[in-house]
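Subject: Structure for you to look at

Hi,

Here is the structure I promised to pass on. Please open it and keep it on screen while you read my notes below.

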Amino acid sequence: MSSVDNDALLRRHGLHVTAQRLAVLRAVTDRSHRTADDIYTVVRAEIGAISVQAVYDALAALTAKGLLRRIQPAGSPARYEDRVGDNHHHLICRTCTRMIDVDCAVGYTPCLTAADDSGYEIDEAEVVYWGRCPSCAATQVQ
Ligand SMILES: [Zn+2]
Ligand SMILES: [Zn+2]
């Protein structure tokens, strides 16, 4: 995605276009599931002076407007991705913390159908599968 597209994307979502927001958005678009610390390192290398707080502020604004999705796995830092609006889930390796996407079946999301919804209007289900990735499983000392 070119920076012109990202400019338009921010404006279309009612956000002022700033170098910081553009750099944060680009960092997440380049690689999904980065943590805020990781994004800070990337953005700082790219545009120089930026505070950790400014990165958090940009992430919060982009997430609030629906440009980014925030995933908060239990006991681990939040990750960010630009794949929004679908109901995909995540696999996380307990050993190396690598996170990858898992699709729900297209057009049918059984996890959205709770056994008992207790009268709630459910519109989202967050599923995190924990385990070990193939490379960690392969290098595991028995
Ligand atoms: Zn792993
Ligand atoms: Zn994802």
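Along the chain, the donors of the zinc ion (ligand 2) follow the spacing H-x47-E-x6-H-x1-H-x10-D. H33 sits in the loop between α2 and β1, while E81 sits in strand β3, so this pair ties together parts that are 48 residues apart in sequence. Keep in mind that this is a predicted model.

Which atoms hold this ion? The zinc ion (ligand 2) is coordinated by H33 (NE2), E81 (OE), H88 (NE2), H90 (NE2) and D101 (OD). The distances run from 1.8 to 2.3 Å.

Look at H33 first. The loop that holds H33 runs between α2 (19–30) and β1 (34–35). Is H33 buried or exposed? H33 has a relative accessible area of 9%, so it counts as buried; the cut-off for buried is under 20%. The side chain of H33 also makes a polar contact with the side chain of H90, at 3.2 Å.

Most residues other than glycine have a negative phi. Phi of H33 is near 70°, a positive value in a residue other than glycine.

Now go to E81. This residue is found in strand β3, which covers residues 79–81. E81 is buried, because its relative accessibility is 0%. E81 and V28 are 53 residues apart in sequence, but their C-alpha atoms are 5.8 Å apart in space.

Next, the other metal site. Which residues are the protein donors of the zinc ion (ligand 1)? They are C93, C96, C133 and C136, each through its SG atom. They lie 2.2 to 2.3 Å from the ion. The angles among the four donor atoms are 104 to 113°, and the site is tetrahedral. Along the chain, these donors follow the spacing C-x2-C-x36-C-x2-C. C96 lies in the loop between β4 (89–93) and β5 (99–102), and C133 lies in the loop between β6 (128–131) and α5 (134–139), so the pair ties together parts that are 37 residues apart in sequence.

Check the accessibility of these two cysteines. C96 has 36% relative accessibility, so it counts as partly exposed. C133 has 8%, so it counts as buried.

T97 is in the loop between β4 and β5, and C96 is in that loop too. Phi of T97 is near 65°, again a positive value in a residue other than glycine. T97 is partly exposed, because its relative accessible area is 43%.

Then there is the empty space inside. Rolling a probe the size of a water molecule over the atoms shows where empty space is left. How many cavities of 30 Å³ or more does a search of the whole structure find? The search finds one. The largest cavity holds about 30 Å³ of space. Its lining is made up of R69, I71, H88, H89, H90, E126, V127 and V128. By class, that lining has three nonpolar, three polar and two charged residues. β2 (69–71) and β4 each supply at least two of the lining residues.

Finally, the chain as a whole. The protein chain has five helices and six strands. Read along the sequence, they follow the pattern α-α-β-α-α-β-β-β-β-β-α. Of the 142 residues, 32% count as buried. L25 is one of the buried residues, because its relative accessibility is 2%. Look for L25 in helix α2. L25 and L10 are 15 residues apart in sequence, with their C-alpha atoms 9.5 Å apart in space.

Best wishes

Technical notes:
Residues are numbered from 1 along each chain as its sequence is written. Chains are lettered from A and ligands numbered from 1 in the order in which they are written. This is a predicted model: local features need pLDDT of at least 70, side-chain atom pairs count only at pLDDT 80 or more; totals for chains, interfaces and linings use all residues. Side-chain values use heavy atoms; hydrogens and water are left out. Donors are N, O and S atoms within 2.8 Å of the metal (3.2 Å for Na, K and Ca); water is not among the atoms, so sites may look incomplete. Four donors count as tetrahedral if all angles lie between 85 and 135 degrees; four count as square planar and six as octahedral if opposite donors are over 155 degrees apart and all others between 65 and 115; anything else is irregular. Helices (H or I, at least four residues) and strands (E, at least two) are DSSP runs, numbered from the N terminus. Buried means under 20% relative accessible area, exposed over 50%, partly exposed in between (1.4 Å probe, protein chains only). On a 1 Å grid over the protein atoms alone, a cavity is a set of points where a 1.4 Å probe fits but cannot get out, and a pocket is an open set with protein on both sides within 12 Å along at least five of seven lines; lining residues have an atom within 4 Å of a point. Grid points are joined across faces, edges and corners, and a volume is the space filled by probe spheres set on the points. Ala, Val, Leu, Ile, Met, Phe, Trp, Tyr, Cys and Pro count as nonpolar, Asp, Glu, Lys and Arg as charged, and the others, Gly among them, as polar. A polar contact is a pair of N or O atoms within 3.5 Å; within protein, one must be able to donate a hydrogen and the other to accept it, and residues adjacent in sequence count only if both atoms are side-chain atoms.
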